[in-house]
Amino acid sequence: MMNGEEKKCIIEAGKLMEQQHWEEALAVIYQGIHWNNRSYELYFMLAQCKEILGKYEQAALSYENALFYATDEDYAEIEQCYREFMEASPVEPKKVSIVLVTYNQLEMTQLCVESIRYNNPYGTYEIIVVDNLSTDGTREWLCEQEDIRAILNETNKGFPTACNQGADIASEGNEIFLLNNDTILMENSMYNLRMALYESERTGAVGACSNKVGNRQQIAEQYQTIDEYALYAKTHNCYDPSM
């Protein structure tokens with residue numbers, strides 16, 4: 001069920017798209033996503049606008065997000081549009097290789113991996129974990145995970161070297177995402193970072209904001225529980241290149 005503001009944005013953006021006012025439609029779509037960042041209708045419209053404007057990588061990502069949140073009733077229609085887009089697009093939609101480095105902290109690693117699986121469309125990513133000789137059961141758990149490509153170092157090679165090891169085995173052509181294993185990835189986090197990566201041809205890398213980081217990525221917000229963190233992400237983790 002959509003709220004009133006979201007519905008108004010969908011109607012207004014649809015009218016603007018019919019009039020071929022693509023940039024104006026995008027502004028309304030961004031506003032709607034702030035009201036509901038799980039709206040498959042808005043991501044579908046965003047994909048169509050990006051396709052018309054020649055932002056093909058962003059269009060592909062938005063089609064994927066629309067499918068991820070789509071209801072059973074509308075899934076087939078969106079899938080057909082995405083299939084037609086892929087056949088006509090001059091670019092090949094990319095996947096992302098998520099590289100984690102572990103040294104013990106099994107429970108945190110499990111939470112991190114589960115958040116990746118839960119909040120991202122299946123088939124759009126691969127998980128690579130490089131373990132620096134954990135002794136808490138991490139290595140055994142990694143070997144049991146069918147969707148994780150693991151490197152088990154026989155010495156602790158340190159964080160930078162392990163990151164490079166993971167990047168080296170990433171599937172060819174994939175984007176590389178370095179993620180700390182004590183992170184819980186919230187809904188749309190990966191989508192927003194990847195959209196930002198393709199916002200400009202001059203952009204070669206992007207990073208997230210945090211309340212535990214230096215320089216311009218630092219934010220002041222504080223939360224004491226995972227539920228508080230999730231609530232903050234739900235209301236702030238919205239795609240809008242003007243912000």
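Tyr40 is a buried residue, because its relative accessible area is 10%; buried means under 20% relative accessible area, exposed over 50%, and partly exposed in between, with a 1.4 Å probe and protein chains only. The model is predicted, so local features need pLDDT of at least 70 and side-chain atom pairs count only at pLDDT 80 or more, while totals for chains, interfaces and linings use all residues. Residues are numbered from 1 along each chain as its sequence is written, and side-chain values use heavy atoms, with hydrogens and water left out.

Tyr40 belongs to helix α3. Helices (H or I, at least four residues) and strands (E, at least two) are DSSP runs, numbered from the N terminus. What does Tyr40 touch, not counting residues up to four places away in sequence? The list is Ala66, Tyr69, Ala70, Thr71, Asp74 and Ile78, where contact means heavy atoms within 4.5 Å. The C-alpha atom of Tyr40 is also separated by 7.1 Å from that of Asn65, and these two residues are 25 residues apart along the chain.

Helix α3 covers residues 40-52, and Ile52 lies in it as well. Ile52 is exposed, because its relative accessible area is 52%. Between the C-alpha atoms of Ile52 and Asp131 there are 44 Å, with 79 residues separating the pair along the chain.

The view can now widen to the chain as a whole. The protein chain has 10 helices and 4 strands. Read from the N terminus on, its elements follow the order α-α-α-α-α-β-α-β-α-β-α-β-α-α. A box of roughly 60 × 40 × 40 Å, taken along the principal axes, is filled by the C-alpha atoms.

Of the 243 residues in the protein chain, 45% are buried. Among contacts with a separation of 6 or more, 62% are between residues 24 or more positions apart. The accessible surface comes to about 13700 Å², and carbon and sulfur atoms hold 50% of that surface; accessible areas come from the Shrake-Rupley method with a 1.4 Å probe, and for residues only the protein chains shown count as cover. As for charge, there are 18 positive and 39 negative side chains, and the centres of the two sets lie 4 Å apart. Lys and Arg count as positive and Asp and Glu as negative, while His and the chain ends are not counted; the place of a charge is taken as NZ of Lys, CZ of Arg, CG of Asp or CD of Glu.

Helix α9, residues 189-197, is mostly covered, with 8 of its 9 residues buried. Those buried residues include Ser189, Tyr191, Arg194 and Leu197. Their cover includes the helices α3 and α4 (56-69) and the strands β1 and β4 (175-178).

Several loops also deserve a look. Asn132 sits in the loop between β2 (125-131) and α7 (138-144). Asn132 is buried, because its relative accessible area is 3%. Its side chain makes a polar contact of 3.3 Å with the side chain of Asn156, and the side chain of Asn132 also reaches the backbone oxygen of Gly158 at 3.3 Å. A polar contact is a pair of N or O atoms within 3.5 Å; within protein, one must be able to donate a hydrogen and the other to accept it, and residues adjacent in sequence count only if both atoms are side-chain atoms. Other residues that Asn132 touches include Val101, Tyr103, Phe159 and Ala162.

Ser89 is in the loop between α5 (72-88) and β1 (96-102). Ser89 counts as buried, because its relative accessibility is 14%. A polar atom of the Ser89 side chain lies 3.2 Å from the backbone oxygen of Val91.

Most residues other than glycine have a negative phi. Gln20 is placed in the loop between α1 (4-18) and α2 (22-35), and Asn104 in the loop between β1 and α6 (106-119). Are these residues buried or exposed? Gln20 is exposed, with a relative accessible area of 57%, whereas Asn104 is buried at 18%.
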